[in-house]
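Here is a short briefing on one protein chain. Look at the sequence and the structure, then read the points below.

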Amino acid sequence: MKNKYLKGAHLSERKFKEILRLFADDLTATQIADISGVSRVTINSYLKKLRNQIARFCEAQHPVPVPVVAYDNRQVETHTDHDSDTLVAVKSEVDRLVKPVIFGICRIADRLHTEILPDVSRPMIHAATRGRSVLETLDTTERLRRFNGVVDLGQYRLYRLGNSTTDTVNGGPLMDDVDAFWGLTKHRLAKFKGLNRNTAYLHLKECEYRFNHRNEDLYSVLLELLKNYPLTLS
């Protein structure tokens, strides 16, 4: 049974496309399992692999190298092998994310990018919003300046950090997209009724991917992604 999108699976390509379309429609794993007739355990396994692939793609699209990110109780260093044009992930075991989960949002050209900030605390964010120079001694100010906003997931709160509210490339209000992205992300994460912090990164990258492709047919976009980078069960 050949499935070019999910290699090594005892699942037909037709059935996998049905699952992928339901995922594109933003249904939960339970809803997808009920509609497709595939067990929830299997659906959860497929969705995790799909989110991993989405995260790798988003990382490869980031114009500023982000060598290490927190990811499912591991850290993953991801880059694009330009010679073979394939995505490469290098994993190493690390401790779990410590609360709270804080991530930054920046817009570059027409895309939004996110980054979890495990070493940024609430006091640091509060100091940054007040322009306090104490952050200079913590070597954090310059890093935070490249974000237009920072979100504290523990408090579901967006802090505006952008130096400018105008997008000099497109001439529009830059924070409008940041606010819209946070609105989408907050709505999606609320569906999970308490997000496991070990999977927060994968869900964040999924929100980033969905937002950046919001004006396209997401099902077709996902098919193209998996055509180039198919999932595997190994």
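Residues are numbered from 1 along each chain as its sequence is written, and side-chain values use heavy atoms, leaving out hydrogens and water.

**Confidence**

- The chain averages a pLDDT of 77 (the predictor's confidence in each residue, from 0 to 100), and 70% of the residues score at least 70.
- Over residues 67-98 the pLDDT is below 50, yet this stretch has 70 contacts beyond near neighbours in sequence (heavy atoms within 4.5 Å).
- Where pLDDT is low, the predicted coordinates should not be read in detail.

**Strand E5**

- Strand E5 covers residues 102-108 (helices, H or I, of at least four residues and strands, E, of at least two are DSSP runs, numbered from the N terminus).
- Six of the seven residues of E5 are buried, so the rest of the structure largely encloses E5 (buried is under 20% relative accessible area, exposed over 50%, partly exposed in between, with a 1.4 Å probe and protein chains only).
- E5 pairs antiparallel with E6 over six bridges (pairing needs at least two DSSP bridges).
- E5 also pairs antiparallel with E7, residues 149-152, over four bridges.
- Phe 103 has Val 151 in E7 as its bridge partner.

**Positive phi**

- Ala 109 takes a positive phi near 60° in the hairpin of E5 and E6, with two residues between the strands.
- Ala 109 is partly exposed, at 43% relative accessible area.
- Asp 26 is not a glycine, yet has a positive phi of about 70°.
- Asp 26 lies in the loop between helices H1 and H2.

Technical notes. Predicted model: local features only at pLDDT ≥ 70, side-chain atom pairs only at ≥ 80, totals over all residues.
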